[in-house]
Amino acid sequence: MFTCEHYNVVPDMLVIGKGLGGGIFPLAALIAREHLNLAPKQALGHYTHEKNPVACAAALATIESIQQDGLLENAEKVGSYALGRLRSMMREHTVIGEVRGLGLLLGMELVKDRVTREPAADDAERVMYSALRKGLSFKVTMGNIITLTPPLTITMAEMSTGLDILKTSLSEL
């Protein structure tokens, strides 16, 4: 479920959030080793969004859904397919300097030259707006990295459609 698990890293603390509230309630959590719990009997503050039982119920339902609906397996399967497609695009387009990803967190770095790795920020912006006009929305990170972070529920067909749009938009450069 967590990136650190793919690399046999056991962190002292793990901060989770965003989707934890199932897209319904804002919620984040800190998972820490027991020896770091230095004030177990002392309240450390009272904040507006702290200890909300409804948000916690949403989080538990989200975790249950991820497990029962096989969303981690789906992320692995669809993400592997997408990474293969992105690597294929890299062979066709010299503007793609690197493709990387794990599960459904995918990145495609656009460069002016693969040797110098100079960022191709203008091209990334062109690709983004072209894709957006065709119905695909994504974020450009650091000016030149096309970042794809679809929902865990994405189907293979939906991913394929999105990648077709991305490929067409790259071809328009």
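Predicted model: local features only at pLDDT ≥ 70, side-chain atom pairs only at ≥ 80, totals over all residues.
Residues are numbered from 1 along each chain as its sequence is written. Local features need pLDDT of at least 70, side-chain atom pairs count only at pLDDT 80 or more, totals for chains, interfaces and linings use all residues, and side-chain values use heavy atoms, without hydrogens and water.

Colleague: At what angle do α3 and α5 pack?
Modeller: Helix α3 spans residues 71-92. Its axis and that of α5 are 10 Å apart. The pair counts as roughly parallel, because that class takes angles under 35 degrees. The angle is about 15°.

Colleague: How many charged residues are in the contact of α3 with α5?
Modeller: Contact means heavy atoms within 4.5 Å. From α3, the residues include K77, R85 and E92. From α5, they include D164 and K167. Asp, Glu, Lys and Arg count as charged, and the contact has 10 nonpolar, one polar and, as charged, five.

Colleague: Is α4 oblique or roughly parallel to α5?
Modeller: Helix α4 (residues 121-133) and helix α5 (residues 156-171) have axes 9 Å apart. Their angle is about 130°. Over 145 would be roughly antiparallel, and 65 to 115 roughly perpendicular. That makes α4, relative to α5, oblique.

Colleague: Which residues of α4 make the contact with α5?
Modeller: On the α5 side stand I165, L166, S169 and L170. By class, the contact has five nonpolar, two polar and no charged residues. The α4 residues are V127, S130 and A131.

Colleague: Is T62 buried or exposed?
Modeller: T62 lies in helix α2 (residues 53-68). It touches G19, L20, G21 and G22, not counting residues up to four places away in sequence. Buried means under 20% relative accessible area, exposed over 50%, and partly exposed in between (1.4 Å probe, protein chains only). At 16% relative accessibility, T62 is therefore buried.

Methods. Axes fitted to C-alpha atoms, helices over the stretch in contact; angles between N-to-C directions. Helix = DSSP H or I, 4+ residues; strand = E, 2+ residues; numbered from the N terminus.
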